[in-house]
2 protein chains.
Amino acid sequence: MKTLQSTTFKAIADDTRLRVVNLFVTSREPLCVCEIVDALRLPQYQVSKHLTILKNAGLIIVEKDGTWGYHYLNENNPLNKMLFTFLKKYLVGEVFDDDIKRLEMRLLLREEGRCVVGFVDEKDLLIKIKEKKQELLVKE
Amino acid sequence: MKTLQSTTFKAIADDTRLRVVNLFVTSREPLCVCEIVDALRLPQYQVSKHLTILKNAGLIIVEKDGTWGYHYLNENNPLNKMLFTFLKKYLVGEVFDDDIKRLEMRLLLREEGRCVVGFVDEKDLLIKIKEKKQELLVKE
DNA sequence: ATATTATATGCCTATAAGTGCATATATGCA
DNA sequence: TGCATATATGCACTTATAGGCATATAATAT
């Protein structure tokens, strides 16, 4: 006799997974693995595993688009909705804020709302963003 | 680098401890171990251990009164207050409701708001409550 | 087809966590 | 002082979990 609530809390009772969930509740964007990897600066296999755990706990949903996998919060469950609302306020702190900053940078590389690059080393990110701005200028 | 939030979630990521916390957020009463034992119908050593975990996580505070130990929610922390408010709405379900019913019965045995008996087997509880009512009638 | 890329997963190891039982501590009372 | 009672804790056992590494899968593009 396991409660749904304890299953959920087990899923988020881990710093890495809290950081992942924080990305979702703050950005409210479907995110793909590589974007999360870059935001958290963790190995891909770690992020992938933790996403699977969150998925199995019913907290997130995955939609595949080619090789890319877009993950987003599962708001179908009323308990989940309550949880996410709560977490948005509850997850405060330097770690979480820093992750969001990196995610926001990383999302600048999207094209028409879609992820178009894989992992981007943090030191290359600013350069890539500049290139993208150049491209946009040329198009105009 | 462990976040406060993950520590907290680890503490409540367990069915038994969620049930304990549910007693607190619902009753808003300081409770002693024997009352919790009777409400949850779990061995005393289990309840005691889980209370220690909740205490170490900073979620509850204990105040000793003789052999009795009154446990109550630690509302000193703003994050905790948010959490408890959330949990009060979030912890719904048969298990939690049943626990509350048994706790409410059990609390009828208090005298002037204090616990005065140890463990009471569920089948003796109704009898004891009746005895108490008799006593009160005699006093009047 | 083959190479590239995005993501998932199997195996290993170390550590943590929950349960049960017995027992310790500590306070109150006769 | 000695006994009953409320609560805490140490030990043994078992299971769960996270991290690291290598590799598998699967879709795209050349």
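Helices (H or I, at least four residues) and strands (E, at least two) are DSSP runs, numbered from the N terminus. In these terms, chain A holds seven helices and three strands. The model is a predicted one, in which local features need pLDDT of at least 70, side-chain atom pairs count only at pLDDT 80 or more, and totals for chains, interfaces and linings use all residues. Residues are numbered from 1 along each chain as its sequence is written, chains are lettered from A and ligands numbered from 1 in the order in which they are written, and side-chain values use heavy atoms, with hydrogens and water left out.

Read from the N terminus, the elements of chain A follow the order α-α-β-α-α-β-β-α-α-α. Along the principal axes, the C-alpha atoms of chain A occupy a box of roughly 60 × 35 × 25 Å. The radius of gyration is taken over C-alpha atoms, and the globule rule is 2.2 Å times the number of residues to the power 0.38. For 140 residues, a compact globule would have a value near 14 Å, and the 16 Å of chain A agrees with this.

The sheet comes next. Strands of a sheet pair through backbone hydrogen bonds, either parallel or antiparallel. In chain A, three strands form an open sheet in the order 1-3-2, with antiparallel pairing; two strands count as paired if DSSP finds at least two bridges between them. Strand 1 (31-32) and strand 2 (60-65) of chain A are the edge strands, each pairing on one side only. Strand 2 of chain A is joined to strand 3 (residues 68-73) of chain A by six bridges, and I60(A) stands opposite L73(A) in strand 3.

Burial describes how residues are covered: buried means under 20% relative accessible area, exposed over 50%, and partly exposed in between (1.4 Å probe, protein chains only). Of the 140 residues in chain A, 45% are buried. Helix 3 (residues 33-40) of chain A is mostly covered, with seven of its eight residues buried; among them are C34(A), I36(A) and V37(A), as well as the charged residues E35(A) and D38(A). The buried residues of helix 3 pack against helix 2 (15-27), strand 1, helix 4 (44-56), strand 3 and helix 6 (94-107) of chain A. Just after helix 3 of chain A, R41(A) adopts a positive phi of about 55°.

Contacts (heavy atoms within 4.5 Å) also describe the chain as a whole. Of those in chain A between residues at least 6 apart in sequence, 60% join residues at least 24 apart.
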